[in-house]
Amino acid sequence: MTETPPGVDELTHGAEDVLPGGMLAQQLRRDSPLRVKLGIDPTAPDIHLGHVVVLNKLAQFQSAGHTVVLIIGDYTARVGDPSGRDSRRPVLASEQIDANATTFQDQAFKVLDRGATEVRFNSEWLDMPAERLFELVGKVTVARLLERDDFSRRMAADEPISALELLYPIMQGYDSVAVRSDVELGGSDQKFNLLFARDVQRAYGVPGQSIVTMPILPGLDGERRMSKSLGNYVGVTDPPGEMFGKLMSVPDAVMPLYYELLLGDEEPPGAAPVEAKRRLARRLVARFHGEDAAEDAEQRFDRVHVQREAPEDMPEVRLDDALENGGQAGGTVHMPALIAGAFGITSSEGRRLLQQGGVKLDGESVDGANLDMPREALEGRVLQVGKRRFARLLG
RNA sequence: GGGGGAGUGCCCGAGUGGUUAAAGGGGCCUGGCUGUAAACCAGGUGGCUCUGCCUACAGAGGUUCGAAUCCUCUCUCCCCCA
């Protein structure tokens, strides 16, 4: 019985799957650092906490001395991966993809060590002549591709599968060939793709990688996976206050997962749920914005939500700017238009909020019948919509 | 190549000539309760200079006093057969 090499337990801690069994441990016994791959398609411009789960794990490998290879899927983003989705993903415009690729890197390096990371764009090798593409595609069978869960399910349900989608796992697999990856990380929804890459690697006569998948982080709704398009995400570049607030709205039920996957820690035992959540929010904000910002964010939160006061800092809105057509003659301000201008909503929406009693001035509800108010009654006061939107009105 | 089916508001999904800005559900928003949790209750959810006006049921035409609903063409998607 060989000793388990140091590191393997930690490196697989929290993982959902580590396959094939025992392989990673074996790889770790080698003297040379492993090449650990992560592919990200820049389909949305922000990295959120869901990505962080995997990035954390990657950072762990990195600090253990392994080489992280971050692949920006600028080419595959044009293909569209349907994993975990019911419908096909729209193909993005290239300019959009390129722009996303840039912000993606910056954000990924909030978790990873930039100096120790090899960044590659997969257009580098995937943008190949048709002849070579045929060679690649010729190495795999449709049957093998159709083993994937959602493909077979969609086949069975008579739902469409575009040929392009079939290409996706093949290309992702070729990434592994191109960068000679020893290990690939990903979310558990990527399991098939990561395993499939092994086939592609072997078809090219190189050793197959081992794979480590991480559990999927639920979003702020506590139900569905965290994703930008579902709007249930916390971006790593969200401002401290927003990040704190969003985290405080996480359902209790998924809090243990947040602790586990994002902090690699247990929820503090015996703490009241609010307290536990507060610490979670505090720690995560500190991680991305620093300790000071986290403290400010918490104080601001208390002020607004515990003491129910207006925050100290809030956007300032000039009455004239908010009212494109200016106030009415006679110094009256049309409230729906003001609300719309101040908070970037439509005036119809502003009107509804007003009529439903959701609008306050200096903390006092505005009578919904007051569609027009004298300008003097507004200048210098704090306009509030709902619980958390504030603006200071300036003449 | 042939045949069949479908395109409705953020999403799903009713509606098949007249109180239809369009049932119902989901989501979301506001209010209540509260811990910006869950659950629950109430209201809202196209736009606007709002007791009214404008724009909307894939797109363009047409029939009609009147169309999301009927007709024509176009576009898109799905299925089956080959």
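Residues are numbered from 1 along each chain as its sequence is written, and chains are lettered from A and ligands numbered from 1 in the order in which they are written. In this predicted model, local features need pLDDT of at least 70, side-chain atom pairs count only at pLDDT 80 or more, and totals for chains, interfaces and linings use all residues, while side-chain values use heavy atoms, with hydrogens and water left out.

We can start with the RNA. Of the atoms of RNA strand B that come within 4 Å of the protein, 59% belong to sugar and phosphate. By class, the surface near RNA strand B holds seven nonpolar, 11 polar and nine charged residues (Ala, Val, Leu, Ile, Met, Phe, Trp, Tyr, Cys and Pro count as nonpolar, Asp, Glu, Lys and Arg as charged, and the others, Gly among them, as polar).

Q356, in turn, has a side-chain N or O atom 2.9 Å from a base nitrogen of RNA strand B. Helix 13 (273-289), helix 14 (291-306) and helix 17 (347-355) are the elements that give two or more residues to this surface; helices (H or I, at least four residues) and strands (E, at least two) are DSSP runs, numbered from the N terminus. Helix 17 gives the most, with five residues.

Helix 14 also packs against helix 11 (residues 240-248), at an angle of about 60° and with the axes 8 Å apart. Axes are lines fitted to C-alpha atoms, for helices over the stretch in contact, and angles run from 0 to 180 degrees between N-to-C directions. From helix 11, P240, G241, F244 and M248 meet A293, A297, E298 and F301 of helix 14 (contact means heavy atoms within 4.5 Å). By class, this contact has six nonpolar, one polar and one charged residues.

Two backbone features complete the account. L19 and P20 are joined by a cis peptide bond, with omega about -15°, and P20 sits in the loop between strand 1 (17-19) and helix 2 (23-28). R308, a residue other than glycine, has a positive phi near 55° and is found in the loop between helix 14 and strand 7 (316-318).

Terms used. A residue is near a molecule or strand if one of its heavy atoms lies within 4 Å of it. A polar contact is a pair of N or O atoms within 3.5 Å; within protein, one must be able to donate a hydrogen and the other to accept it, and residues adjacent in sequence count only if both atoms are side-chain atoms.
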